[in-house]
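Dear colleague,

Please find the structure below for your records. My findings follow directly after it.

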Amino acid sequence: MSSPKVLFGFHAVGVRLKTAPQSIIEIYYEATRRDARMRQFLDRAREAGARLIEADSVRIAKLAGSHGHQGVAARVEPVAQITSLDELLENLEESGIASPLLLVLDGVTDPHNLGACLRVADGAGAHAVIAPKDHASGINATVAKVASGAAETVPYFMVTNLARTLNELKERNIWIIGTSGDAPQSIYQADLKGPVALVLGAEGDGIRQLTRKTCDALVSIPMKGAVESLNVSVASGICLYEALRQRGG
């Protein structure tokens, strides 16, 4: 078993309380903070049976390795993670989920953007986020903080060859839909109710040429103003929530 790690901030610790409370060893909280948010958090922690330890801000900052802890940090045991995309898809099939919803990020290297995309993916119920190893950001403290707990809940797979992975998804009858500003069809005209992987690129550059060629279809997001493109996390939100809307979510 891996050694315990530390989560900090209301969102990150709150998500672990919700999804795997048994993995929490202890929660340190700033005793001088008595506002409503802290009271509600402590009530949830007590309901979950978590061990609570009073601490001052300096001790919590030292434990978290950050001053942005909001007065809360937790030592937790690692939770078993799905290790491969194949394992995830097989689990979904066994669970009777016939229409996976995947987000593919091609060339998103900024950790703030990745964190925001993970948060959107969690909110929209996407089953995984996929990115190429050589053109992507890994999960680090910044990603986890921006993701507000979603880095713990949304499987994130970094693959060696994105085009090959997309072709493997096609073999599983997953439709690959890329986004491009020059696509004649809009996201609102596409059928997103079936198994689908939505492919988005970095702001400005868009998806790479080989990735574009691998897609089954290309769609655009209508742009009515002066700017030419949206931040990738905003674009991800538009696409994923349109899929959720079509699926009756």
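Helix H10 (residues 232–246) lies across S5, S8 and strand S9 (196–201), and its direction is at about 160° to S9. Axes here are lines fitted to C-alpha atoms, for helices over the stretch in contact (heavy atoms within 4.5 Å), with angles from 0 to 180 degrees between N-to-C directions. Helices (H or I, at least four residues) and strands (E, at least two) are DSSP runs, numbered from the N terminus.

This is a predicted model, in which local features need pLDDT of at least 70, side-chain atom pairs count only at pLDDT 80 or more, and totals for chains, interfaces and linings use all residues. Residues are numbered from 1 along each chain as its sequence is written, and side-chain values use heavy atoms, leaving out hydrogens and water.

Helix H5 (residues 111–124) lies across strand S5 (101–106), strand S6 (128–132) and S7, at about 170° to S5.

These strands belong to an open, parallel sheet of 6 strands, ordered S7-S6-S5-S9-S8-S10; two strands pair if DSSP finds at least two bridges between them. At its edges are strand S7 (156–159) and strand S10 (217–219), each pairing on one side only. From one strand to the next, the twist averages 25°. Strand S8 (residues 175–179) runs parallel to S10 and is joined to S10 by 3 bridges, with Thr179 opposite Val219.

In helix H1 (residues 10–19), 7 of the 10 residues are buried (under 20% relative accessible area, 1.4 Å probe, protein chains only). Among them are Phe10, Val13 and Leu17. The buried residues of H1 pack against several elements, including strand S1 (5–8), helix H2 (36–47) and helix H7 (150–153).

Yours sincerely

Conventions. Buried < 20%, exposed > 50% of the residue type's maximum accessible area, 1.4 Å probe, protein only.
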